[in-house]
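Colleague: I have a few questions about this complex. Can we go through them one at a time?

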Amino acid sequence: MKKTFWQKLSAWHKGEFDFTLKTTDHVDPPIIHEYTGKEHTIQALSRKERAFSGALYNVLCVLFCLILIGVLLGAVVSLPPHGNAENPAVNEVMDRYVEEGMQETGAVNTVAGMILDYRAFDTLGESFVLFTAVCAVTILMKNTKRTAPDGTPLPMVVAPGIVDYSKDNIVKTVSRFLIPFIFVFGVYVLLNGHLSPGGGFSGGAILGSALILFSMVYGEDRAAAIFSERLIKTVVLVSLSFYAIAKSYSFFTGANHLHSIISQGIPGRILSAGLILPLNVAVGFVVCCTMYSFYMYFRRGRIQ
Amino acid sequence: MLQSLFASDFIENFPLFAIILCLLCAVISFVLSGSGARRLTYVLVSVGMGLNCSVLLHNLITGERFTYMMGHFPAPWGNEIAAGLLEPAFALLFGVVILCSVAAGKSRILLDVRADKQNFYYILVDLAQVAMFALCYTNDIFTGYVFIEICTLASCGLLMIREGGKPLVAATRYMIFNLIGSGMFLIGITLLYGVTGHLLFPQLQETAAAAWSSGMYHGVMVVSIGLTVSGLAIKSGLFPFHFWMPDTYGTATPSSSGILSGVISKGYIFLLIKIIYRVYGLDLFMETGIQNILFLFGIAGMIIGSVSAIRARTITKMTAFSSAAQIGYIFMGIGMGTREAMIAVFFHICAHAITKPVLFLAGGALIDASDGKRDFNALRGAAHRNPQAGFAFLCGSLSMIGFPIFTGFISKLYFALSAFAFPHKSMLVLLALAVSTILNVIYFMYVSVILYSGKTDPARRVGFRQQRTFTVAVFVLVLVNVAIGLHSQPLTSLFEAGLDLFLG
Amino acid sequence: MLTSFEDLWIHVAENYIVIVSIILFGIGFTMLLFSRNLLKKVVGLNIMDTGVYLLLVSMGYIDGRHAPIIADGITDAANYINPIPSGLVLTGIVVSVSVTAIMLSLIVRLYEKYHSLNLDEIYELRNKEENA
């Protein structure tokens with residue numbers, strides 16, 4: 001029986017009929033779920049449609065990328081020549097960073113002076129990017145239930161095929177000598193950030209790699225016993241709070257033209273460059289803890 | 001007395017205080033319990049709003065922009081933040097929306113997020129808040145990049161913190177699109193740095209204008225502007241790149257959907273407007289012709305987003321596709337580039353930011369009242385089961401359609417008015433507005449009728465008592481919406497004055 | 001301004017680093033968009049970022065000058081390269097480390113859930129899960 005439009009509308013309003021739900025005669029053959037073994041009859045797209053949309057996507061992708069690369073290469077032609085001292089990027093900003101940087105920031109390493117004093121707000125943001133990443137990785141990886149496809153929980157074991165370095169005598173012996181050196185080198189890079197290449201990020205990464213090597217070779221349990229989650233949380237909390245408070249003190253005094261109690265010291269000495277050294281240490285600790293906790297979360301889903 | 005209080009120069013420190021307070025709050029929440037972190041977030045976000053409000057009042061009284069040195073070194077050397085009228089106004093708006101979304105979705109957050117990870121949700125909210133403040137206030141393009149990344153990572157976290165496979169897939173998709181956007185933005189500012197040698201907005205504008213008029217770098221500059229703009233457009237979900245939206249907004253916990261669609265994408269758009277006005281300058285931007293592309297994609301987004309929303313079979317997907325359409329409106333306005341169109345854009349940012357979270361949050365509550373089912377058949381009569389959420393959803397729908405007394409009406413009105421002043425293409429704009437509005441009416445009214453149709457068992461009714469915070473927070477947003485809709489004049493003059501300060 | 005083909009060729013030969021970095025960016029970008037394997041996407045992301053960083057540092061380089069670390073008390077700017085891009089790249093690297101870590105942990109979780117690295121397969125399994 002054919003209903004009038006109004007009958008249909010009132011039926012729809014009462015909830016007896018939904019004109020938006022299509023009725024189809026064609027039903028795709030049932031597909032068995034690869035892992036659960038359940039049957040699925042509903043499919044979002046038919047195979048033909050999917051193949052077509054996949055091909056369309058690929059073609060569009062390649063076209064888009066080719067156009068982008070072509071446009072960029074075309075643009076590069078009119079870029080100022082490479083390595084030329086007359087380029088627009090060589091301007092008064094760079095001159096002051098290099099010429100006055102040592103007096104104004106106390107850092108011999110101009111890059112350190114620039115990122116931790118002249119343009120410190122960027123670097124503050126940057127360390128909070130790391131903090132955000134730690135939070136996100138913790139959310140994803142911490143104590144997540146690792147289950148087999150059928151739902152049974154998997155024990156946290158080293159997967160087959162992954163070498164267990166703690167049983168390898170050569171690795172163990174070499175690491176015993178190597179780890180202290182890596183550690184000392186990391187501390188050196190960290191503390192000399194304002195004098196030589198390096199600084200918080202690179203030094204912290206080296207320290208972190210020492211910790212990762214330690215936990216690889218001596219087993220995560222021993223590492224976890226020394227570097228507990230509590231310790232790592234405390235270090236991150238203290239370092240980042242110190243960073244934010246110290247830098248906001250310097251922003252505040254700078255913007256209000258107040259005298260800052262932080263002295264620049266004598267450039268070239270280890271205890272100089274005002275806040276740069278403590279900030280480097282704070283950043284180094286944060287980076288070190290970040291790298292180590294990334295490793296531990298990926299390896300076993302928890303720090304403890 | 002009060003006037004002299006708000007005129008004091010000390011208020012110029014407040015943007016810095018707001019940013020640092022939220023950063024500290026995020027770090028401290030790292031060691032707090034879930035409820036402690038929640039309370040800290042509420043308190044500090046409110047304090048941040050107070051600070052932004054003071055900055056706004058200060059600038060209204062003095063009537064000037066101020067720049068604030070971040071450190072001991074002046075403009076081309078040190079970082080800077082700057083505040084006119086628009087910056088604190090939008091920071092305040094984003095703060096209000098974030099606070100209301102989090103408060104209204106509290107019970108869902110408790111359900112969706114695992115107990116031992118509750119505090120991380122609030123850390124991410126704080127970080128998103130910091131990023132929004134910094135994107136509003138920044139006067140340095142690289143600071144902009146850094147905080148864009150914080151924003152991306154924090155919003156990815158807000159998305160995947162919900163347990164289950166779907167949020168993971170959605171987060172992966174969201175990340176991939178955002179990374180493409182970030183990469184394009186970064187290479188765009190790299191090229192711009194290569195021809196100007198500056199990173200701060202005022203110096204960048206001078207040198208960019210000089211480089212453009214020298215005629216040597218036209219190619220690089222057009223490509224750089226194109227990449228920067230399209231990077232931000234991809235991140236905010238302009239039409240051909242809106243595919244991540246339904247996945248993302250549809251699967252996250254309602255608070256996250258509200259924050260992501262209402263605030264995060266608007267943050268990118270606000271930065272884009274800032275870059276267009278304060279870095280390239282409107283004239284240079286218009287000469288490149290990129291605004292026409294934005295205009296066309298905006299119109300396409302308006303239509304296609306709405307068509308997709310009509311085809312969507314779940315309430316969350318429909319709301320998400322409607323976001324794509326609304327982003328289209330905003331980009332159409334940016335593409336028109338006239339003063340009237342920019343006022344309309346600011347209104348639409350405002351309207352969408354306060355309406356979309358209401359739709360997501362009320363939608364979430366309606367889904368909860370329908371046994372967690374999202375499809376329209378299950379939602380039949382949901383407004384009888386949860387009257388507060390149903391009414392909020394209706395108000396939100398009416399605002400999105402552009403019904404008078406709501407903010408959405410004002411923004412559409414301004415778009416239509418600006419179309420008359422827009423030479424050559426006024427018919428196109430009006431036609432797009434008309435078609436898109438009709439499409440909006442179709443899907444929003446369809447849902448609203450479904451929500452109020454059918455009968456329901458009174459025993460399943462959710463009362464006011466069970467959802468006090470939800471109701472209060474959502475109705476704060478609805479009331480703000482109606483208030484702006486009824487008294488748009490103060491906001492119009494604020495936006496006009498802000499735009500004048502923007503242009504310098 | 002470049003007037004002849006020969007000029008263009010000389011310009012390209014002098015700016016090969018820039019060209020290489022653009023090509024690296026392109027390779028990474030294409031991989032990020034095109035590859036359906038999630039791990040390859042992450043590799044592409046890193047290549048893309050490397051391309052951008054190479055472009056950025058190459059803009060700070062000036063022929064015949066030294067690294068911007070004040071040595072022997074010479075503070076003349078004509079002696080050192082531009083330190084700004086180096087600092088920006090440092091920031092960029094930290095960002096890309098963070099993004100890579102998040103992407104990898106997402107991939108680990110996805111693999112645990114769906115036992116696949118192929119994005120299409122994951123979508124399909126996800127859709128089935130939704131419909132089931």
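Colleague: Which residue just after H21(B) takes a positive phi?

Modeller: Gly454(B) does, with a phi of about 75°. Keep in mind that this is a predicted model, where local features need pLDDT of at least 70, side-chain atom pairs count only at pLDDT 80 or more, and totals for chains, interfaces and linings use all residues. Residues are numbered from 1 along each chain as its sequence is written, while chains are lettered from A and ligands numbered from 1 in the order in which they are written.

Colleague: How many residues does helix H21 of chain B have, and how far does it reach?

Modeller: H21(B) covers residues 426-452, which is 27 residues, and reaches 38 Å from its first C-alpha to its last. That is close to the 39 Å expected at 1.5 Å a residue; the expected span is 1.5 Å times one less than the number of residues.

Colleague: Which residues of H21(B) are buried?

Modeller: Among them are Val429(B), Leu433(B), Asn440(B), Tyr443(B) and Leu451(B). A residue is buried if 20 or more other C-beta atoms lie within 10 Å of its own, exposed if 12 or fewer, and partly exposed in between, with C-beta atoms placed from the backbone.

Colleague: Now H8(B). How many of its residues are buried?

Modeller: 29 of the 32 residues of H8(B) are buried, so the helix is largely enclosed by the rest of the structure. The end C-alpha atoms of H8(B) are 46 Å apart, which agrees with the 46 Å that its 32 residues should span at 1.5 Å a residue. H8(B) is followed by Gly197(B), which has a positive phi near 80°.

Colleague: Why does Ile176(B) count as buried?

Modeller: Because Ile176(B) has 21 C-beta neighbours inside 10 Å. Ile176(B) is found in helix H8 of chain B.

Colleague: What does Ile176(B) touch, residues up to four places away in sequence aside?

Modeller: Leu32(C) and Lys41(C). Two residues are in contact if their C-beta atoms, placed from the backbone, lie within 7 Å.

Colleague: And Asp500(B), why is that partly exposed?

Modeller: Because Asp500(B) has 14 C-beta neighbours inside 10 Å. Asp500(B) lies in helix H23 (residues 489-503) of chain B. Its C-alpha atom is separated by 9.5 Å from that of Arg339(B), 161 residues apart along the chain.

Colleague: Change of topic. Which residues touch the most other members of the largest nonpolar core?

Modeller: Ala128(B), Ala131(B), Ile150(B), Leu366(B) and Ile102(C), out of 325 residues in that core. The largest share of this core, 21 residues, comes from helix H16 (residues 339-369) of chain B. A nonpolar core is a set of buried Ala, Val, Leu, Ile, Met, Phe, Trp, Tyr and Cys residues joined through C-beta atoms within 7 Å.

Colleague: What is Ala131(B) in contact with, leaving aside neighbours within four places in sequence?

Modeller: Phe147(B), Ile150(B), Cys151(B), Ala154(B) and Gly267(B).

Colleague: How many residues does the contact take from chain B and from chain A?

Modeller: 56 residues from chain B and 48 residues from chain A. On the side of chain B that touches chain A, H7(B) gives the largest share, 11 residues. That side divides into 36 nonpolar, 17 polar and 3 charged residues. Here Ala, Val, Leu, Ile, Met, Phe, Trp, Tyr, Cys and Pro count as nonpolar, Asp, Glu, Lys and Arg as charged, and the others, Gly among them, as polar.

Colleague: What about chain A and chain C, how many residues there?

Modeller: That contact takes 57 residues from chain A and 49 residues from chain C. The side of chain A that touches chain C has 38 nonpolar, 12 polar and 7 charged residues.

Colleague: What pLDDT does chain A average?

Modeller: Chain A averages 77, and 78% of the residues score at least 70. Over residues 20-44 of chain A the pLDDT is below 50. pLDDT is the predictor's confidence in each residue, from 0 to 100. Where it is low, the predicted coordinates should not be read in detail.

Colleague: And what is the mean for chain C?

Modeller: The mean pLDDT of chain C is 85, and 97% of its residues reach 70 or more. For the complex, the predictor gives an ipTM of 0.92 and a pTM of 0.90.

Note on methods
Helix = DSSP H or I, 4+ residues; strand = E, 2+ residues; numbered from the N terminus.
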